Each structure stands twice: as structure tokens, then as C-alpha cells.
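Let's take a friendly walk through a protein model, one region at a time.

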Amino acid sequence: MKALRCRECGETYPPARRAICEECFGPLDVVYNYEGLSLDRESFRGRRKSLWRYIDLLPIEDPSNIIELNAGFTPLHNSKRLAEALGLKNLYIKDDTVNPTYSFKDRPAAVAVSKALEFNIKVVGCPSTGNLAAATAAHAAKAGLPCYIIVPYDIEPLKVVQASMYGAEIVKVKGTYDDANRLAAQASEEYGWAFVNIDLRPYYVEGSKTLAFEVCEQLDWEPPDHVIVPMASGALLCAIYRGFKELSGLGLTPRCRIKITGVQPEGCAPIVKAYNSKDSYVMPMDKPDTIAKSLAIGDPGDGIYALKSIRESSGTAVSVSDKEIVEGIKLLARKEGIFAEPAGGATIAALRKLADSGLISRDEHVTCYVTGNGLKTVEALEGSLPYLPVIEPKLEALRRLLEVTA
Ligand SMILES: *Cc1c(COP(=O)(O)O)cnc(C)c1O
Ligand SMILES: [Zn+2]
């Protein structure tokens with residue numbers, strides 16, 4: 001790692017615990033020492049089967065600081081049955097439901113908590129829409145660091161249970177994610193805690209780039225034409241886009257011409273609204289209302305950069321209703337055997353919309369990012385579950401039941 005650089009004014013800083021430019025308050029990005037790297041496709045053979053196989057392109061200096069829970073290196077499925085249902089030919093699902101804490105957030109959390117060790121930070125934490133809570137708490141547990149988590153009171157109960165089992169202190173606030181985020185920024189000042197997605201954000205976001213690296217490697221270094229990504233703050237989308245560009249910049253893949261499409265739920269779609277009205281700013285919204293709670297960020301920190309990435313890549317932005325999200329969850333589960341949370345259902349719902357409207361062509365090679373596991377969000381399916389009568393354990397009763405349901 002060479003430095004941190006301001007995304008807005010270009011000012012550079014030594015790599016330290018810093019997330020914002022002193023000159024213009026712009027966000028800072030990690031800059032790497034590419035000249036000192038000698039990487040080719042063969043370099044990755046036989047490496048760890050986790051995101052740490054890409055350590056040369058991650059902001060950790062000393063490998064002994066790595067917290068390894070085996071985040072990443074998740075399956076990329078060639079999804080033929082779903083492709084057929086949607087009239088597509090080349091469809092892949094990147095299945096991040098099977099990470100150590102069951103969402104893609106294990107990637108940024110692994111990098112941020114490892115970086116906290118490198119900076120000799122004593123307490124970590126995060127404000128979270130749900131999934132980051134468990135991811136940070138689990139990695140903090142493995143690192144032996146205390147962890148403080150601030151969440152909106154109405155997130156899925158299992159996500160709170162999970163984070164608290166890893167030993168994190170959990171604070172529920174009467175308010176939205178944006179309220180939790182503001183409180184976290186104040187608590188970081190007051191107590192010196194390092195919130196991974198605030199204080200360590202430049203390092204944190206780097207973890208998600210590996211979602212692009214893995215897809216390229218799994219496709220034998222031939223990137224897809226089009227990828228579909230759910231958006232909350234927009235950080236994930238920006239990181240995936242950067243990842244594809246970084247690999248092509250290093251000559252590991254052909255020239256980057258990937259289209260990246262972002263998805264939000266209708267009840268919280270400030271980035272999609274800005275895209276549709278051709279704005280270059282994102283108007284925050286007050287009260288997100290959607291079953292996709294992990295996507296419920298009304299004031300997306302990386303919104304304008306997500307917009308930029310989408311436009312630069314000639315992708316698009318799509319919003320989907322809660323009903324379409326549930327249908328997306330069911331479709332993915334029934335066709336491919338993957339049970340996703342609403343964020344994943346949103347990706348599939350958007351894919352379906354784009355395929356139906358011809359915005360994705362039959363021959364296009366598409367990869368969908370499915371970022372979280374459905375077991376954590378069963379309440380989202382309330383009202384959509386089949387009624388299951390209980391019968392006598394007798395063949396006659398079974399026969400009657402089958403006649404009724406036929
Ligand atoms: C956090 C999250 C996202 C979106 O991440 P951002 O970087 O905030 O855009 C998508 N899917 C799931 C399951 C998440 O938990
Ligand atoms: Zn700046």
C-alpha cells in the first residue's frame with residue numbers, strides 16, 4: 001500500500017487511521033504500489049481459499065494481522081434453470097449467502113478488523129443495517145477485540161441474536177440507519193472506538209473488491225458483460241466496479257468494458273431516483289419502508305459515486321417492489337437451490353425486469369450478486385408462506401391431502 005488519496009481533490013495522506021480529506025472532506029481511497037507487484041494469472045494457483053488469496057491487492061501490510069474466518073471464495077453458479085426461465089443464455093449467480101456469517105459483509109469486515117490490528121486499535125464496532133453487525137462481531141471475536149454495534153431497533157431479530165452471540169455490545173436506537181450512523185460518528189469522537197465503516201472506511205471498502213476478483217478468476221479471467229448489484233450506501237457497487245477495473249489495469253483480464261447495474265427497493269431508492277431524473281446528486285429520503293432492511297439507507301454515503309460508476313459503465317439503475325423481491329427470492333430458491341435474503345431477491349427481481357424489457361439481451365453474459373442468506377430474514381416472507389395442515393401419519397390421510405392440494 002502506498003498512500004490514501006482524496007477521491008475529490010487528489011490530496012494524498014500516509015496510510016493511517018483516517019477516512020476523510022482534511023482539505024475538502026472528500027472520502028479517501030487506498031492507493032497501491034502496483035510497480036512493486038508482479039502478479040499474473042498463475043500467481044493465484046494454490047493460494048488460500050478465502051478473500052486473502054488477493055492479499056497483494058488488499059491494504060494489509062503484515063499477513064500476521066489477518067483475521068481468517070474464511071470469508072470469500074464463495075461459489076459462482078452457472079444458473080441454467082433460472083436463465084432458461086428468464087430467456088437468457090449465460091447467467092451466473094455469485095453466491096455470497098455462504099460466507100462465515102452468511103452475508104458478503106464478511107469481506108469488508110475481515111479487512112477492516114485486520115487493519116484495526118495493524119493500527120493497534122483496541123475497540124472496534126459499526127453502525128449496521130443488520131448484516132455488518134454479525135460480520136464485524138465475529139471477526140472482532142476472533143481478533144480478541146471488544147465490539148460495539150449500533151442498529152435501528154426494527155432490524156431482523158436473528159441478526160441481533162447472531163451479533164450478540166459473538167460477544168458484541170449491541171445498542172438499539174429509536175430511529176433509522178441514518179440515525180444510528182450519526183450516533184456512531186459521535187461515539188467514535190467521544191470514546192475513540194473505530195467503527196469499521198466510518199473510521200476505517202477506506203480499508204473496509206477494499207474487502208468488497210474481491211467479489212469482482214473472484215468472479216473473474218472463476219470465469220477463467222473472462223469477465224461478464226453485465227453485473228447486477230444491490231445498493232444501500234452504494235459502497236458495494238463502487239467496490240465491485242473498481243475491482244473489475246483494477247484487474248484489467250493490471251493486465252489480468254482484457255480491457256474493462258463491464259456494465260454495472262444497481263438495484264434498490266422501491267421503499268428506499270434514492271440512488272435509482274437520481275439516476276432516472278439524470279441528477280448528479282442524491283436527494284436523501286427520510287423514512288425508508290421496505291422488507292429489504294439491509295438496503296434501507298435513506299442517505300447513501302457513496303450514492304453519487306455509485307451513480308457515476310453506473311453511468312460510466314453504461315449500466316442502469318432499477319427499483320423493485322417488496323412483492324417483486326419476494327417473488328425473486330422464491331424464483332432463485334426454486335430454480336437454483338439458493339435461499340437469499342431480500343437484497344438477493346431484489347437482484348433477481350431486477351434481472352427479471354431487465355430481461356423482460358429487453359435491456360439485457362439473450363446472449364449477454366450476466367452475473368448477479370446474491371449478497372445475503374434468507375435464513376436471517378424469514379419474517380420478510382410472512383404472508384407468502386404456504387399453509388401446512390398437520391395430518392395423521394397414515395397413508396389414507398396422505399392420499400386425502402394430495403387430492404386436496406392437486
Ligand atoms: C449491506 C448490504 C448490501 C449493500 O451494501 P452497500 O455497500 O451499503 O451498498 C447489499 N446486500 C446485503 C445483504 C447487505 O447486507
Ligand atoms: Zn480532498
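This is a predicted model: local features need pLDDT of at least 70, side-chain atom pairs count only at pLDDT 80 or more; totals for chains, interfaces and linings use all residues.

Strands of a sheet pair through backbone hydrogen bonds, either parallel or antiparallel.

Now look at strand S6 (residues 124–127). On one side, S6 and S9 pair in the parallel sense over 2 bridges, and Gly125 stands opposite Phe195 in S9. S6 is also joined to S7 by 4 bridges, and these two strands run parallel. Here Cys126 has Ile149 in S7 as its bridge partner. Which way do the residues of S6 point? Val124 and Cys126 point one way, while Gly125 and Pro127 point the other way, and all are buried.

Next, find helix H3, which covers residues 131–143. You can check its length yourself: at 1.5 Å a residue, its 13 residues should span 18 Å, and the end C-alpha atoms are 19 Å apart, which agrees. The expected span is 1.5 Å times one less than the number of residues.

Is H3 buried or exposed? Of its 13 residues, 11 are buried, so H3 is largely enclosed by the rest of the structure. The buried residues include Asn131, Leu132, Thr136 and His139, along with several alanines such as Ala133 and Ala143. Among the elements that cover them are helix H2 (106–118), S6, strand S7 (147–152), helix H4 (157–165) and helix H6 (201–204). Just after H3, Gly144 takes a positive phi of about 75 degrees.

The length check can be repeated on H8. At 1.5 Å a residue, the 15 residues of H8 should span 21 Å; the end C-alpha atoms are 21 Å apart, which agrees.

H8 is mostly covered, with 12 of its 15 residues buried. Among the buried ones are Leu236, Cys238, Tyr241, Phe244, Glu246 and Ser248. Their cover includes H6, helix H7 (210–218), strand S10 (226–230), strand S11 (259–265), H10 and strand S13 (365–370). Just after H8, Gly251 takes a positive phi of about 80 degrees.

## The second largest pocket

H8 gives the most, with 7 residues. Sorted by class, the lining has 10 nonpolar, 2 polar and 11 charged residues.

## Two threonines

Two threonines are worth a stop on the tour. Thr316 sits in the loop between H10 and strand S12 (317–320). Its relative accessibility is 16%, so Thr316 counts as buried, the cut-off being under 20%. Leaving out residues up to four places away in sequence, Thr316 touches Ile260, Thr261, Gly262, Tyr275, Ile310 and Leu354.

Thr347 lies in helix H12 (residues 342–356). Thr347 is buried too, with a relative accessible area of 0%. Beyond residues up to four places away in sequence, Thr347 touches Ile228, Pro230, Val263, Cys368 and Tyr369.

## An aspartate in a loop

Our last stop is Asp56, in the loop between S3 and strand S4 (76–78). With a relative accessible area of 27%, Asp56 is partly exposed, a label for values between 20% and 50%. Where is Met1 relative to Asp56? Met1 and Asp56 are 55 residues apart along the chain, and their C-alpha atoms are separated by 8.8 Å. Not counting residues up to four places away in sequence, Asp56 touches Tyr32, Leu37, Leu39 and Arg47.

Key:
Residues are numbered from 1 along each chain as its sequence is written. Chains are lettered from A and ligands numbered from 1 in the order in which they are written. Side-chain values use heavy atoms; hydrogens and water are left out. Two strands pair if DSSP finds at least two bridges between them. Ala, Val, Leu, Ile, Met, Phe, Trp, Tyr, Cys and Pro count as nonpolar, Asp, Glu, Lys and Arg as charged, and the others, Gly among them, as polar. Buried means under 20% relative accessible area, exposed over 50%, partly exposed in between (1.4 Å probe, protein chains only). Contact means heavy atoms within 4.5 Å.
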